[in-house]
Amino acid sequence: MPELAEVEYYRKQWDPGIGGEVGRVRLHPAARIFRDCDTKLLERALTGAVLEQSLAHGKQMLFGFSGGAWLGVHLGMTGKLFCEPRPYAPGKHDHLVLELPEHVLVFYDARLFGRVRFDQGPELPEWWQALPPDLLSDAFTQEALQQFLKRRARSPLKAVLLMQERFPGIGNWMADEILWRAALHPSTRAGQLSAREVGKLYATIREVCADAMQVIGTDWGEPPPSWLFTHRWEDGGTCPKTGQPLVRETIGGRTTCYSPARQKLKG
DNA sequence: CCCCATGTTCGACA
DNA sequence: GTGTCGAACATGGG
């Protein structure tokens, strides 16, 4: 479920716990989400620590605790974060539960594709510092986009947009939304774009990120019917721009929704 | 029972 | 070495 804006939404779900001291950590050490994590160390270090801040970057989140303890969270396909008043009885898929004086902070993940990391130190963890530039920042330039498309020249645009090393936060629905708004066929090879099309793609990436953050990232509002988003899973869905049928097919290994009347394949 | 799923990684192969 | 593609991961829902 979670892409850029959904991740930002989930990050804020733990906000009520900021300033609270962790009384107890409950976790399932064998759960796959802890595959890269020393759970003994995490438990020891977080018990008694105070949640101070949270950050989101693409699909990654980082929670900072007193004493230089950092909890990294990736939600995978089905992960979510939520906050409940105490007392709270953890459910089957609540794999990490932090008990604070007034709240419990929960990481739920049925499918276990999510991931927890734990680091200690005064600075932000190295892996966090090494994340690629945020798509809404000045550091993500049209030049960088151009270079990346060139390097992935033979891959379909759909597959390229899903590469987190350059497009942190973009997932399946955002990639489809971007290509639809930019009127580019998802199967177009990345190296085939004209300079004009690269410019259009760049502007559209930023536009969709900004729109998603505003509508979904704030309070998980319902996207308007003018977006592809609201039609992509409807059977017999119709393109809001052309009135023509939408289609779904597998492109770049993922189910892709697009509007053939609007998004034409060149040559 | 069958198919599908808003994600990432790993191994096979060109 | 580089780049692409499909399978695998684990579980639930339609």
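**View 1. Four strands line up as an open sheet in the order β2-β3-β4-β8, with antiparallel pairing.** Strands here are DSSP runs of E of at least two residues, and helices are runs of H or I of at least four, numbered from the N terminus. Two strands count as paired if DSSP finds at least two bridges between them. At the edges sit β2 (51–57) and β8 (115–120), each pairing on one side only. From one strand to the next, the twist averages 20 degrees. As a reminder, strands of a sheet pair through backbone hydrogen bonds, either parallel or antiparallel.

A note that goes for every view: this is a predicted model, where local features need pLDDT of at least 70 and side-chain atom pairs count only at pLDDT 80 or more, while totals for chains, interfaces and linings use all residues. Residues are numbered from 1 along each chain as its sequence is written, chains are lettered from A and ligands numbered from 1 in the order in which they are written, and side-chain values use heavy atoms, with hydrogens and water left out.

**View 2. Here is the β2 and β3 hairpin, with two residues between the strands.** Six bridges join β2 to β3, and the two run antiparallel. Look for L51, whose bridge partner in β3 is F65. In this hairpin, G58 takes a positive phi near 60 degrees.

**View 3. Strand β4 (residues 69–74) meets β8, with helix α2 across the sheet strands.** β4 and β8 run antiparallel and are joined by six bridges. One pair to pick out is V73 with V116, its bridge partner in β8. Helix α2 (residues 39–46) lies across β3 (60–65), β4 and β8, where contact means heavy atoms within 4.5 Å. The helix runs at about 60 degrees to β8; axes are lines fitted to C-alpha atoms, for helices over the stretch in contact, and angles run from 0 to 180 degrees between N-to-C directions.

View 4. A residue is near the strand if one of its heavy atoms lies within 4 Å of it. Sugar and phosphate make up 56% of the DNA strand B atoms that come within 4 Å of the protein.

**View 5. Side chains of H74, R254 and T255 reach phosphate oxygens of DNA strand B.** The N or O to phosphate oxygen distance is 2.9 Å for H74 and 2.4 Å for T255. For R254, a polar side-chain atom lies 2.3 Å from a phosphate oxygen. Elements giving two or more residues to this surface are α6 (172–181) and β10 (254–258).

Methods
A polar contact is a pair of N or O atoms within 3.5 Å; within protein, one must be able to donate a hydrogen and the other to accept it, and residues adjacent in sequence count only if both atoms are side-chain atoms.
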